[in-house]
Each structure stands twice: as structure tokens, then as C-alpha cells.
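Visitor: Could you show me how to read the side chains in a model like this one?

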Amino acid sequence: MSAPLPYVVDTADNLPSGAIFTADRDQVVLAVRITPVYGQVDLELLMKVVDVANQNDFGLVREQLFRDEWLLCVFEAYEDD
């Protein structure tokens, strides 16, 4: 079995780490699985991903449904004022 890709989140076991949300990046794109069981939307995993991003000073700015089971999420770094 191959190692999970860092930008594809399908379970809570492979949540993105702070290493993905680094200060040298302005934007991060992740695919988050929102229907682990066909026809049942589960947003708990998405909430966990957003929490990790927020803790690392990134905010969710755009999302797009992909193949009815994935949500492509674009996170951007917070602006320094």
C-alpha cells in the first residue's frame, strides 16, 4: 500500500500537518473527502482540516465539489497588517 498523499485528506488519520501550512506559502490546495459512505455527507473531517489550517494562520477562501465525494479547498495565508 502506498503512503497517503499530503494534499489528499480522506481520513482523520492523515490530517494535514503544520508542515503543509508553512510561512513561505501564500496558498494551499487540498482535496478533502466529504462522503466516506456513498450518499452520506460528513463534514466533520472538513472541520478538522479547517481547524488545522486556522491554527497555522491559513483561512479557507474557496471550495469546489469534485466527483460528489471530494471537496477541493483553497486555503490562503492571513494577511499581515
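Guide: Let us begin with Lys48, which has a relative accessibility of 32% and therefore counts as partly exposed, a class lying between buried (under 20% relative accessible area) and exposed (over 50%), with a 1.4 Å probe and protein chains only. The model is predicted, so local features need pLDDT of at least 70 and side-chain atom pairs count only at pLDDT 80 or more, while totals for chains, interfaces and linings use all residues. Residues are numbered from 1 along each chain as its sequence is written, and side-chain values use heavy atoms, leaving out hydrogens and water.

Visitor: Which side chain meets that of Lys48 in a salt bridge?

Guide: A salt bridge is a side-chain nitrogen of Lys or Arg within 4 Å of a carboxyl oxygen of Asp or Glu. Here the partner of Lys48 is Glu44, at 3.7 Å from N to O, and Glu44 is itself partly exposed at 46%. Because they are four residues apart in helix α1, about one helical turn separates Glu44 and Lys48; helices (H or I, at least four residues) and strands (E, at least two) are DSSP runs, numbered from the N terminus.

Visitor: How many salt bridges does the structure hold?

Guide: There are three. One of them joins Arg62 to Glu76, whose closest N and O atoms are 3.8 Å apart. This pair links distant parts of the chain, since Arg62 belongs to strand β3 and Glu76 to strand β4, 14 residues apart. Glu69 also pairs with Arg33, at 2.3 Å between the closest N and O atoms.

Visitor: Is Thr35 buried or exposed?

Guide: Thr35 is buried, because its relative accessible area is 10%.
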